[in-house]
Each structure stands twice: as structure tokens, then as C-alpha cells.
Amino acid sequence: RAYLAAEQGHGQLLWLRPGSRLAIARPRPRYVCFFEIVQAKRPYMERASALEPGWLSEASPGLTTLSPPLRTLSPHYNALSDSTFAWVKPTYGAARWQLPPVPHPAAADDHAFRAALFGRALCEGSVLKALKPLAPELMPRARSMSEEAVVDRAALALRSALQRAAVFSRAALASRWRVEPRFLLRELAALLQPGQRQALLDVWPRMQLQADKR
């Protein structure tokens, strides 16, 4: 099986050394990186290693072009860093490989988009597990928050509340709730049908406890 080079020797077909660990692996990795090309009977890749395509944009930012945020995809919430990311599509190398989407932070000064990403992650139950049972009812309207022109008034109200308070993380939400325990209650309730709002009130104390956990 040959590999198509993306940068060094781009457009050229390259081979793994016969008998090498990767050459005999089944299935073979879809992407590999290598130290150099050695011209023999065929152009062989020396010191090749398997590679996940998601690593390329971080490992080689100078060779990678990122698309604008893919606003229709659900945001990625990282609980360890308490950060919410949009998805972008990388194009890599001189061969302009189209790689799978990867998580990428919103611009620090784009407060509206940061609020939208966190708001969607919150409504999906990714930030606070207590809210997850209500996600199927919240998300049909909440997902419009990350659109450039938001037409749903309830979704816009939630995004605006988060933006005004600069709440873009679980820690910031917990801090806000300590001084204003009903912050976001009205905005989240507006996304629900009247008959579902009691369920939100029932989980509200648990949401605040989860937000306050370090």
C-alpha cells in the first residue's frame, strides 16, 4: 500500500519499508509521519510512525489552515480544563489534505460566540449532568445560539445573559450563582414548554451543587 505525501515530496507516492513494524501491521495506519525519504527501488519512508490526523494541526500549525468554526456541530466541553471549544476543519500541507474536524477555542474577544458555545454545552448537559435529562427539550431551540444571526428570542436571551455576565465556564457560573442564585433560570425556562418547567426547578439545587464542585 502506498501513501500520498502531503508536504515533503508532496503529490508523490511513498512506501513503508518492507518488513517494518508498520508495513506488517493489519490494518495499516491511514496516516504516518516519517523522518526522510530514501530513494531505492521505490521511494521509502524512513523512521515512519503511525499518526492520528487530529494531531497535525497542533503539531504543525505552520502547515495547517483552519476553517471558520463549524457552527452546526455541537461544541466540545472539556471538563478538566473547564473550557468549551468549537469544531474547525483543518487543511494540511502543500497537498491541502482535508482532515477531520478538531476542537478549537473561540477568539478571546468574541464574547458572543464564547457565550453561545458555553450555553449550548450547558443545555446539552455536558457542563452539569443534572441538566442532561432536559437536554432533548432544551436543544431544539438552544442550538441556534451559535448561529451568526440568532432568530430564536429565547436562545438569544440566554446567550445575551451569559455574554453580559462574562460567564463562559462552569467556574464562572458557580461564582455568579453564589451572588445571584436564580441567574439563567428564566432564560433556560423560556426554552422549555410550560409543562416541562417544573422539572427545571426540581434540578436547580443539584445544578448549583455540581457547579460548585472543585
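A charge is taken to sit over a ring if NZ of Lys or CZ of Arg is within 6 Å of the ring centre and within 35 degrees of the ring normal. The model is predicted: local features need pLDDT of at least 70, side-chain atom pairs count only at pLDDT 80 or more, and totals for chains, interfaces and linings use all residues. Residues are numbered from 1 along each chain as its sequence is written, and side-chain values use heavy atoms, with hydrogens and water left out.

**View A. Arginine charges over phenylalanine rings.** The charged end of arginine 71 lies over the ring of phenylalanine 113, at 4.3 Å from the ring centre. Likewise, arginine 176 places its charged end over the ring of phenylalanine 183, 5.0 Å from the centre.

**View B. The aromatic pair of tyrosine 31 and tryptophan 97.** Rings of Phe, Tyr and Trp (its six-membered ring) pair if their centres lie within 6.5 Å; planes under 30 degrees apart are stacked, over 60 edge-to-face and the rest tilted. Three aromatic pairs are counted by this rule. Tyrosine 31 and tryptophan 97 are edge-to-face, with 5.6 Å centre to centre and 70 degrees between the planes. Tyr31, Tyr92 and Trp97 form one aromatic cluster.

**View C. The aromatic pair of tryptophan 177 and tryptophan 204.** The ring centres of tryptophan 177 and tryptophan 204 are 5.2 Å apart and the planes stand at 65 degrees, so this pair is edge-to-face. Both tryptophan 177 and tryptophan 204 are buried (under 20% relative accessible area; exposed is over 50%, partly exposed in between; 1.4 Å probe, protein chains only).
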